[in-house]
Amino acid sequence: MDFDNQLIKMPKISIIITYYNLGKYIKDCISSVLNQTYDNFEIIIVNDCSNEKNTKILNEIENKKIKVIHLKENLGQLGAFLIGLENSEGEFICSIDSDDILLPNYLKTLLHVHLNNNTALVSCACGEINSKNEIISLNYVANPIKTKQDKINYSKIEKAYNNNEDFELEFLTIKKLPFAMWGWTPMSSGMFRRTSLDILKHYPDIKYWKTGADKVIFSFLHLIGGSINISAVCFLYRHHQKNSTQGTLTYGNKRYIDEAYINKLIDWNKKIRFDAVKMFIKNKKDLIKTYNKTNYYKMLKNIVFCVNFKLCAKAIKALAHKII
């Protein structure tokens, strides 16, 4: 079947951009979304109490596909995303940072994979750019932890990416990837099924996630509905001074792991795990009603019996200064 014909349904996609004082990059980010080869989308920008200068930049943006929401209280990245979700209409949801770039086939490619696979989350490989829009790398790994993955070749998707070549999908399951060690995915490059995001309304500590909200979103969606990672680069992550999670440092062709970032990831993974346990116990009746009793206990088991963090931390620190 022709790739374009498979998208004849044209489901709506909502791209939620959380924004906080990044006016220098927002116009490039928006342009990359407006330049998509897939047309049925809306852009929702959630201004998380930016200063007057950066808010003014948003007010200058005019496009019928763009809705701007100005928050009166700083909620942080996760809170801002959830406000955007409440005000969105799409069957599928993307969350991107206001300094990142989508390559032209991002929406079309990730949606195609969703429509041909029953999964909660589809993500893609990332490239790196700097503050000057210079490409640093096309092999960016936000989290350097390596995990064994099941690899499946999908030969039917010849035209999914710009180079018109086949590309590889890596299907990840709970059995192969423990829930609490969310080490496989590039940050901020996911497309989610709207129905899968309902689980986040139970999350107990939204305001904690001023940054790193994608860790929470990706982790829970992977837990309840599985995930697919596309090895094609469809997304460009931007490194600059205001980034809070610069996990790797690139010098020429050599890339180094940042130890401080690794420690932050370990803390984040611990918090997600413990919050999830509390959340599942507190909301047991609602979650069983939504996911049924068997799936509820299966998910709870995956949360409780996951990675030994002491051993994991020791192994990661041993790699902290190693070239990858």
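**Stop one: Thr-18**

Select Thr-18 to begin: this residue is buried, with a relative accessible area of 9%. Buried here means under 20% relative accessible area, exposed is over 50%, and partly exposed is in between (1.4 Å probe, protein chains only). Thr-18 sits in strand E1, residues 13-19. Helices (H or I, at least four residues) and strands (E, at least two) are DSSP runs, numbered from the N terminus.

Before going on, note that this is a predicted model: local features need pLDDT of at least 70, side-chain atom pairs count only at pLDDT 80 or more, and totals for chains, interfaces and linings use all residues. Residues are numbered from 1 along each chain as its sequence is written, and side-chain values use heavy atoms, with hydrogens and water left out.

Now show what Thr-18 touches, not counting residues up to four places away in sequence: Val-46, Gln-77, Ala-80, Phe-81, Ile-96, Asp-97 and Ser-98. A contact means heavy atoms within 4.5 Å.

**Zoom out for a moment**

Colour by secondary structure and you get nine helices and 13 strands. Of the 324 residues of the chain, 56% count as buried. Among contacts in the chain with a separation of 6 or more, 80% come from residues 24 or more positions apart.

**Stop two: the rings**

The structure holds eight aromatic pairs. Rings of Phe, Tyr and Trp (its six-membered ring) pair if their centres lie within 6.5 Å; planes under 30 degrees apart count as stacked, over 60 as edge-to-face and the rest as tilted.

How do Phe-192 and Phe-218 pair up? They are edge-to-face, 5.6 Å centre to centre with 70° between the planes. Phe-192 belongs to strand E10 (residues 190-193) and Phe-218 to helix H5 (residues 213-225), so their pair ties together parts that are 26 residues apart in sequence.

**Stop three: lysines over rings**

Select Lys-65 and Phe-41 next. The charged end of Lys-65 sits over the ring of Phe-41, 4.3 Å from its centre. To count, NZ of Lys or CZ of Arg has to be within 6 Å of the ring centre and within 35 degrees of the ring normal. Then jump to Lys-271, whose charged end sits over the ring of Tyr-208, 4.5 Å from its centre.

**Stop four: H7 and H8**

Pick residues 284-291 for H7 and 293-304 for H8; Asn-292 is in the loop between them. Asn-292 has a positive phi of about 75° although it is not a glycine, and it is partly exposed, with a relative accessible area of 38%.

The helices H7 and H8 pack at an angle of about 120°, with their axes 7 Å apart. Those axes are lines fitted to C-alpha atoms, for helices over the stretch in contact, and angles run from 0 to 180 degrees between N-to-C directions. For the side chains, display Lys-284, Leu-287, Ile-288 and Tyr-291 in H7, which meet Lys-293, Asn-295, Tyr-296, Tyr-297 and Met-299 in H8. That contact divides into six nonpolar, one polar and two charged residues. Here Ala, Val, Leu, Ile, Met, Phe, Trp, Tyr, Cys and Pro count as nonpolar, Asp, Glu, Lys and Arg as charged, and the others, Gly among them, as polar.

**Stop five: another positive phi**

Go to Cys-49, in the loop between strand E2 (41-47) and helix H2 (52-59). Cys-49 has a positive phi of about 65° although it is not a glycine. Cys-49 is partly exposed, with a relative accessible area of 26%.

**Stop six: two loops and a helix**

Asn-35 is in the loop between helix H1 (23-34) and E2, partly exposed at a relative accessible area of 48%. Draw a distance to Pro-104: the two are 69 residues apart in sequence and 6.0 Å apart in space, C-alpha to C-alpha.

Move on to His-240, in the loop between strand E11 (227-238) and strand E12 (248-251). His-240 is buried, with a relative accessible area of 8%.

Nine of its 10 residues are buried, so H4 is largely enclosed by the rest of the structure. Its buried residues include Lys-108, His-112 and His-114.
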